[in-house]
Amino acid sequence: MPETNNKTNKTIGRSLLVGLTLLILILSFAIGAIGFTTYATKVLDRYQVYLRDLLTFAASQMDGDDMQACIDSGEKSDIFKEEERLLDAIKEHYGVEYVYIYKPLNTDETDNMMNVMAGITSKERAENEGYYSVKLGSLTGSDNSPEVAGHFLEGMDSEKVTFFSQDTNEFGHMYTGMIPIYDSTGKSVAMLAADVSIDEIYETRLHYVIVVSIAALILMVISLFLMNAWLKRRVVDPLQRLKDTAGSFVESTHHAASPDDLIIADPDIHTQDEMEALSNSITEMFADMKHYMTDLVNVTMEKERIGAELNVATQIQADMLPNIFPAFPERDDINIYASMTPAKEVGGDFYDFFFVDHDHLAIVMADVSGKGVPAALFMVIAKTLIKSVFQNGGEAGEALADVNDRLCEGNEAGLFVTVWMAVIDLKTGEGVSLNAGHEHPALCKAGGDYELVVYRHSVAVAAMEGMVFQERRFKLDMGDKLFVYTDGVPEATNAENELFGTDRMIEALNKNKDKSLKEQVDGMKESIDEFVKDAPQFDDITMLCFEYKGVIDD
């Protein structure tokens, strides 16, 4: 198990404090921006109402026809002078920075507007003796930018007061309202405008920013102090205890010789919230893991014990079957070879061959229903009974019926065994076979091919008491071969759910028919493996090949 790295570059407490600091700053600036925007909007709305009323009144006192005549002649009429005095009074008493009348001409860089009149205060007149207002008909030069001139030109076509703001190096921040002056034909003659300073807004903004920044700093310090204390008590310290508990548990897994050595420390968290619930869940999880690991160790040990016993059982079963070949090296009239590959550690298939007397050889191929240990136990009993009963002599059918009745006694599990067996007279090659629900044997006559020998079966052994098993007589000639097997051969299944089948079995036998018996059996297993590939083996595979070579010379 890899070691856990408990070192971290960041802590939750520090991350929370950094996040909280940023949140307070963002909220402070957002509230400040909203407050200042609201304030500036309200101030401008107030200026707009004030300028609209003032300009509307002043424009109503202007004679557009007379003003147009004065502009054309360049001379001031009495009416014009009276209007100048009105602008003077407005500037003197109504708190505007400038009040004036322009005639916009174009949007060039210079001389884009014509001076018509402007109001001045008595103080301004006293400080500049002999100067009164502006010169009628003079151009403004570079006093106004093309942008400002554009506002005035657009205002000439407006029927109401319009507004715009401008920043000037000389006069500061100005908010301008303007309204057209019309002649009797409804044509706009010039623009009456008034400026109010909005430096107050900008000064207020600076003051506001300073106040908000100081307040935000104080609020942030207080909030961080309180939040740090709260987080440390309710979050950071409990998480640290959980981390230590988990770390000690993980560390103990690296060195524990058994689950009993695992360390589960109590985090001692009593916050009465989700943190306490998390602590209880983690503690329970560690306890469950310890219990699970204890069970796993016990199950593993039990599995190893059972595995060892099954290995012994496998060896015992293998030793029960004849497995030394050549089986009868002293005899040259017969040859025999067999193999069994169980689907589990132990299987229910078995084969056997033994002499009933000096001249008669019994061959047995059987398959117990079911798999594993129960089938293996039943196989041991069936194999032992068959050999014992048949060696006592008697007719083959009667002997198998005796075996059947004995196996039915106490067979509460309902197991049965399919059996193919034959007793062959080695002097004559004549024999008798019994097929109790088993697969059809394959016979290869000398010089020919393997073919299935199909005939009617009897019922399986141990299916029910009192059964009669039909005998079938046959004769082997010199060089004949007999191949018997269990259903694990034709029913071997590949990944596509296809069966190996008897056709492939016969084909594999004939491919190796001229080889030794071992090579024929091994070749069949290779053909099965090639067919099923990686698909699992579901049934025991048991095969026996017998060759009759002829009569022994006495």
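Buried means under 20% relative accessible area, exposed over 50%, and partly exposed in between, with a 1.4 Å probe and protein chains only. The model is predicted, so local features need pLDDT of at least 70 and side-chain atom pairs pLDDT 80 or more, whereas totals for chains, interfaces and linings use all residues. Residues are numbered from 1 along each chain as its sequence is written, and side-chain values use heavy atoms, leaving out hydrogens and water.

**View A. Lys 533 in the loop between helix 11 and strand 15 (541–548).** Helices (H or I, at least four residues) and strands (E, at least two) are DSSP runs numbered from the N terminus. Lys 533 is exposed, its relative accessible area being 67%. Its phi is near 55°, a positive value in a residue other than glycine. Most residues other than glycine have a negative phi.

**View B. Asp 111 in the loop between strand 1 (98–104) and strand 2.** Asp 111 is not a glycine, yet has a positive phi of about 50°. With 33% relative accessibility, Asp 111 counts as partly exposed.

**View C. Thr 121 in the loop between strand 2 (113–118) and helix 4 (122–127).** Thr 121 is buried, at a relative accessible area of 13%. When neighbours within four places in sequence are left aside, Thr 121 is in contact (heavy atoms within 4.5 Å) with Lys 91 and Glu 92.

**View D. The cis peptide bond from Phe 325 to Pro 326.** Omega of this bond is near 0°. Pro 326 belongs to the loop between helix 7 (274–320) and strand 6 (334–341). Most peptide bonds are trans.

**View E. Helix 8 (residues 372–391) packed on helix 9 (residues 396–408).** The angle is about 145° and the axes are 9 Å apart. Axes are lines fitted to C-alpha atoms, for helices over the stretch in contact, and angles run from 0 to 180 degrees between N-to-C directions. Helix 8 passes helix 9 in a right-handed crossing; a crossing is right-handed if the near helix is turned clockwise from the far one by less than a right angle, and left-handed if anticlockwise. On helix 8 the contact is made by Phe 378, Ile 381, Ala 382, Leu 385, Ile 386, Val 389 and Phe 390. Helix 9 contributes Ala 396, Ala 399, Leu 400, Asp 402, Val 403, Arg 406 and Leu 407. By class, the contact has twelve nonpolar, no polar and two charged residues. Ala, Val, Leu, Ile, Met, Phe, Trp, Tyr, Cys and Pro count as nonpolar, Asp, Glu, Lys and Arg as charged, and the others, Gly among them, as polar.

**View F. Helix 10 (residues 501–511) packed on helix 11 (residues 517–532).** Here the angle is about 135°, with the axes 9 Å apart. Helix 10 is therefore oblique to helix 11 (under 35 degrees is roughly parallel, over 145 roughly antiparallel, 65 to 115 roughly perpendicular, and the rest oblique). The crossing of helix 10 past helix 11 is right-handed. Arg 504, Met 505, Ala 508, Leu 509 and Lys 511 of helix 10 meet Met 524, Ser 527 and Phe 531 of helix 11 in the contact. These residues divide into five nonpolar, one polar and two charged.

**View G. Cys 444 and its closest cysteine sulfur, in Cys 545.** The two sulfurs are 8.6 Å apart, too far for a bond. A disulfide is a pair of cysteine sulfur atoms within 2.5 Å, and a search of the whole structure finds zero disulfides. Cys 444 is buried at 5% relative accessibility, and Cys 70 is buried at 2%.
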